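Student: Could we go through this structure together, slowly? I have a few questions, and I may jump between topics.

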Amino acid sequence: MVDFQKEVIDKSFDTPVVVDFWAPWCGPCKVLGPVIEQIATEHEGKWSLVKLNTEDQQEIATQFQIRSIPNVKMFYRGEVIDEFTGALPRQMII
């Protein structure tokens with residue numbers, strides 16, 4: 001379980017945090033997951049990645065109006081500053 005306040009909101013005041021909202025049954029999530037994880041590894045220190053299973057944390061998914069997954073949001077200083085939905089190709093993410 002993700003402690004959203006600590007791992008995303010609070011941490012975003014130090015460095016941007018990218019949240020990958022996903023679910024185990026989601027085919028496009030299985031495509032996007034490894035791509036975004038690789039990008040996060042390549043950009044280590046510039047931003048961090050948090051993967052949030054929407055099945056396990058439905059309240060948070062509802063709070064951020066996640067209606068379609070995969071959904072990726074970048075938080076900075078406690079606010080969403082960028083986002084996209086769907087399994088975009090690598091070149092469209094970076």
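Student: How do the side chains of Lys51 and Glu37 meet?
Tutor: The side chains of Lys51 and Glu37 meet in a salt bridge, with 3.4 Å from N to O; a salt bridge here is a side-chain nitrogen of Lys or Arg within 4 Å of a carboxyl oxygen of Asp or Glu. Lys51 belongs to strand S2 (residues 48-53) and Glu37 to helix H2 (residues 27-42), so this pair ties together parts that are 14 residues apart in sequence. Helices (H or I, at least four residues) and strands (E, at least two) are DSSP runs, numbered from the N terminus. Before we go on, please keep in mind that this is a predicted model, in which local features need pLDDT of at least 70 and side-chain atom pairs count only at pLDDT 80 or more, while totals for chains, interfaces and linings use all residues. Residues are numbered from 1 along each chain as its sequence is written, and side-chain values use heavy atoms, with hydrogens and water left out.

Student: Which residues are linked with them in a network?
Tutor: Asp20, Glu37 and Lys51 are linked in a network of salt bridges.

Student: And how many salt bridges does the structure hold?
Tutor: The structure holds 4 salt bridges. One of them is formed by Arg90 with Glu42, where the closest N and O atoms are 2.4 Å apart. That pair links distant parts of the chain, since Arg90 is in helix H4 (residues 90-93) and Glu42 is in helix H2, 48 residues apart. Arg90 is partly exposed, with a relative accessible area of 32%, and Glu42 is also partly exposed, with 42%.

Student: What about Glu83, which side chain does that one meet?
Tutor: The side chain of Glu83 meets that of Lys73 in a salt bridge, at 2.4 Å from N to O. Glu83 lies in strand S4 and Lys73 in strand S3, so the pair ties together parts that are 10 residues apart in sequence. Here the two partners fall into separate classes: Glu83 is partly exposed, with a relative accessible area of 44%, whereas Lys73 is buried, with 6%.

Student: Let me step back. How many helices and strands does the chain have?
Tutor: The protein chain has 4 helices and 4 strands, and from the N terminus on its elements run α-β-α-β-α-β-β-α. Its radius of gyration is 12 Å, close to the 12 Å that the globule rule gives for 94 residues, so the chain is as compact as a globular protein of that length. The radius of gyration is taken over C-alpha atoms, and the globule rule is 2.2 Å times the number of residues to the power 0.38.

Student: What does the C-alpha trace span, and how much of the chain is buried?
Tutor: Along its principal axes the C-alpha trace spans about 30 × 30 × 20 Å, and of the 94 residues 41% count as buried.

Student: New topic: what kind of peptide bond joins Ile69 and Pro70?
Tutor: A cis peptide bond joins Ile69 and Pro70, with omega at about 0°. Pro70 lies in the loop between helix H3 (58-63) and strand S3 (71-76). As background, most residues other than glycine have a negative phi, and most peptide bonds are trans.

Student: Which residues other than glycine have a positive phi, then?
Tutor: Two to look at are Gln65, with a phi near 55°, and Arg77, whose phi is near 55° as well. Gln65 lies in the loop between H3 and S3 and counts as exposed at 54% relative accessibility. Arg77 is found in the loop between S3 and strand S4 (79-85) and counts as exposed at 51%.

Student: Last one: where is Lys11, and how far is it from Val50?
Tutor: Lys11 lies in the loop between H1 and strand S1 (17-22). Lys11 and Val50 are 39 residues apart in sequence and 11 Å apart in space, C-alpha to C-alpha.

Note on methods. Buried < 20%, exposed > 50% of the residue type's maximum accessible area, 1.4 Å probe, protein only.
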